[in-house]
Each structure stands twice: as structure tokens, then as C-alpha cells.
Amino acid sequence: MGENRSILDTVVVGAGPAGVGTALALQAVEGLVHGVIERGQLGETFLQWPEQLTFLTPSFTGNGFGATDLNSVHPETSPAFSLGVDYPTGAQYARYLRGVAKHFSVPVMTQTEVSAITATVEGFTLTTSKGTVLARTVVWAGGEFHNPRQPSMAGSEHADHSSAPAAWTARSGQVVVIGGYESGLDVACFHVEEGASVTVVDPDHPWQARSGSDPSFRLAPRTRQRVKSALATGRLTLSDAGRATGIRPDARGVYTVALMGGIAVASHSRPVLATGFGPGLGPAAHLFEDRADGWPLLDDNDESTVNPGIFLSGAALRHGGLKFCFVYKYRQRFAHVARVIGERLAKDCSGLEAWRLAGMLTDDLSCCGTECAC
Ligand SMILES: Cc1cc2nc3c(=O)[nH]c(=O)nc-3n(C[C@H](O)[C@H](O)[C@H](O)COP(=O)(O)OP(=O)(O)OC[C@H]3O[C@@H](n4cnc5c(N)ncnc54)[C@H](O)[C@@H]3O)c2cc1C
């Protein structure tokens, strides 16, 4: 890659699990010329995770029996095996990604930011901090971590988002966490374990979700156990009294969080926003249409509905009511996207069958979402 006029078959933007995994699937397509562009280091997002954060999905080396480690991005790899842990931290998972990329010689250009992507007759022109890159197809795998959702409420600037290290510094007294799904309960349990009293406010009370077995809609078992322990201390309160509408600090350093219905709760340090992330499409945003819920609209091949040739890989994938927000979900599409690209360019894609055999290729989405019987 660099400032020359040759055109690549595919450029992947982002070297997180989605980008590295997609590049590995593209490698299985015979003769496809591809590369990955990453603005930071390989696994950059995980290096920015607060050090207290760990994976929620457990790793286990079941690969030999067709149950590929939930957090792996290639059928022959397992974070549990290479790291020796079942709930990796961000730094550990970045180490796994670096190891995989090195072992399989994934072509990654690091420290290179993509600032613009333009559709052309031949494909796409990518403007990067190291020059222009031309590609017939693009896979956007830029992740969502750089797009924390800031709720539209007065005073939200007085809170720390759960993805920021500041949200994880030990606090005393009463702490208010706004948002009660996985990240909210994770940070809440952390502060209870550190000795603080925590009130989690969320009118949708996700901690009560009992229907369905999809972990995108129901708390993970480990989270439920942690919440149970935190509740037993008497220092965790889960409140669905109303949506937070504003945050107001006073001169004594107390933050009043106003809830709908006229209720208010006090936080003795900056409240924590556990309000999730947006799709984070950055310079690719204008190349996709939005769904009514704000997530990118995709066709059955995870391709833009308005600009053929640009695909999406990663946790922002949505199809109907299906959310692909965990590695074990969105990795099912790496080989599918690679095959669509390969077949369009008349390449031999038979190497991708190994991904299907390893249970890492879902091209029929109607089989997703099956509920557990018990
Ligand atoms: C706090 C948190 C906890 C999570 N826990 C789990 C879990 O337990 N299990 C699970 O399966 N999933 C989990 N996820 C969801 C998801 O797997 C992760 O968010 C994962 O990082 C997504 O991978 P990705 O490759 O799409 O994005 P990222 O890992 O964010 O990678 C995107 C890469 O693109 C680069 N990039 C972005 N924009 C540009 C640009 N313009 N130019 C060049 N490079 C760019 C970034 O630097 C980054 O390295 C979690 C997410 C968060 C935020």
C-alpha cells in the first residue's frame, strides 16, 4: 500500500478482532490482494480498555471438538490456549490478536488513519495519513469503542463514560451509574467490591430480563452472580424509578441526578454513564443508509444498500432483530463476506469451507436466534 496507483482487491479498515478476522478469511481466497489499515497499533481498542475491564464471554479451548473458543477469530486459534486465561483483559486480548496476525502474516499497515473514503467507478479511494489507497472493495471494521453514546441530557459532561479509565477509579460514598445492562452492572459491581455504595438507574430494568437465551438481551451468568453478591452487601441499589434527565453538580462536589417523575439521586463523585456505543462508522458513515434505530442498513451480505462494494464487519452488524455484538456472533460473517468478495472477482473460494467446518461461517441467518429449551 502507499502512494501509488495500483488497486487492491480489498482493503479492511481497522485491526481489531473484526478486521484481523476478516483479513484471515480473505487470505483463504486464492490470489486475493488485500491489506488492513489501522490508525493505531494492532488491537488498539483493547489497549485503551480500562485495566479493570475483562471479557464477558469466556474463552475455552474446545476447538479440537468443533467448539471453537468463543473469542477466537480464526478456527485454529484460541485465546484460552495462547493466553492461559478464560476472561481476558484488553491488554491480554490485544496480545492474542498480535500473535494471530504474526503467525498468519496478516498484512497490516499500522499508525495509518483513514480520514475519507470515496466511491469511484473502479471501487473506492481511501485518503489516509500516509497517502491514497485504491481498492475494488472495502470492509469497514473500525469498531464502536471510539463512539461512546452520550445521552442527550443536561449536564452529561459532568459524568464519566464507562469506557473511560476515570469511571474505574475507586470512589467513596454514593456512586450513581446511569444504564443497567452489562457495562453498567460491571462498573457498579466493581465499585461495590471497592467499598462504595452504588445506585444503578435504568427504567428498562435490564437486570430483570428473563425471557430468551441470547446474551445480547439477557445478562451473562457471571454478571448475574456478581450482582447477587453485590446486592448481598446492601450497598447496591437497582432502580427503575425513571429515566435520568439531567446531572447538576454543587459546590460541595455532590452531583444530583434528576430522574423523570421528579425523583433525584445524589452521587458523591462524577456519575458513570453506561449508555453504550454508537455504530462508529467514521469516514464510512456516508456510504451506508441508516435503519430506523440508527444502526447501518445492510443487505444479506453485510454490504451497503446504497454503495455496493463496501461491507461492514464487527459489533455494529444488525439483521432484523439479530445483534452481532460479540466476537462469536460477528465472526460468523468473516468467511461469508470474504466469499462474496472472492466470487465477484472470480477467485477460488474453496479454502473458506474450512471455516464452515469449524462452525465459523453462517450464511443463512434464518438459523440464528434459536432459543435454548432449558
Ligand atoms: C467495554 C466492552 C466490552 C466488550 N466485551 C466483549 C466480550 O466480552 N465479548 C465479546 O465478544 N465482545 C465484547 N465487546 C464487543 C466487541 O467484541 C468489541 O467491541 C470489539 O472490540 C469489536 O471489535 P472490532 O474489531 O469491531 O472493533 P475494535 O476492536 O474497536 O477495532 C477497530 C479498530 O479500527 C481502528 N480504526 C477505527 N477507525 C479507524 C480509521 N479511521 N482509520 C484506521 N483505523 C481505524 C481502531 O483503532 C481499532 O483498532 C465489548 C465491547 C466493549 C466496548
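Predicted model: local features only at pLDDT ≥ 70, side-chain atom pairs only at ≥ 80, totals over all residues.

Colleague: How much space lies in the second largest pocket?

Modeller: About 350 Å³. It has 15 lining residues, and the closest to its centre are D214, Y328, K329, C368 and G369.

Colleague: Which elements give two or more residues to that lining?

Modeller: Strand 19 (322–323) and helix 7 (327–330).

Colleague: And where does the pocket lie relative to domain 1 and domain 2?

Modeller: Between them, because both domains give residues to the lining. Domain 1 is 7–146 + 277–367, and domain 2 is 156–273.

Colleague: Why does Q332 count as buried?

Modeller: Its relative accessibility is 13%, and the cut-off for buried is under 20%.

Colleague: What is Q332 in contact with, leaving aside neighbours within four places in sequence?

Modeller: G359, M360, L361 and T362. For G359 there is also a polar detail: its backbone oxygen lies 3.2 Å from a polar atom of the Q332 side chain.

Colleague: Next, helix 8. How many of its residues are buried?

Modeller: Nine of 11, so helix 8 (residues 334–344) is mostly covered. The buried ones are F334, A335, H336, V337, A338, R339, V340, I341 and G342.

Colleague: What covers those buried residues of helix 8?

Modeller: Several elements, including strand 1 (7–13), helix 1 (17–27) and strand 6 (131–140). Strand 17 (310–312), helix 7 and helix 9 (353–357) are also among them.

Colleague: Which residue takes a positive phi just after helix 8?

Modeller: A346, with a phi of about 55°.

Colleague: How far apart are A135 and L8, in sequence and in space?

Modeller: They are 127 residues apart in sequence. In space, C-alpha to C-alpha, the distance is 4.5 Å.

Colleague: And which residues is A135 in contact with, again leaving aside neighbours within four places in sequence?

Modeller: I7, L8, T10 and V11 are among them. The contacts also include G123, F124 and L126.

Notes. Residues numbered from 1 in each chain as written. Heavy atoms only, no water. 1 Å grid on protein atoms, 1.4 Å probe; cavity = no way out; pocket = protein on both sides within 12 Å on 5 of 7 lines; lining within 4 Å. Points joined across faces, edges and corners; volume = space filled by probe spheres on them. Helix = DSSP H or I, 4+ residues; strand = E, 2+ residues; numbered from the N terminus. Domains from an automatic or database assignment. Buried < 20%, exposed > 50% of the residue type's maximum accessible area, 1.4 Å probe, protein only. Contact = heavy atoms within 4.5 Å. Polar contact = N/O pair within 3.5 Å; in protein donor to acceptor, adjacent residues only side chain to side chain.
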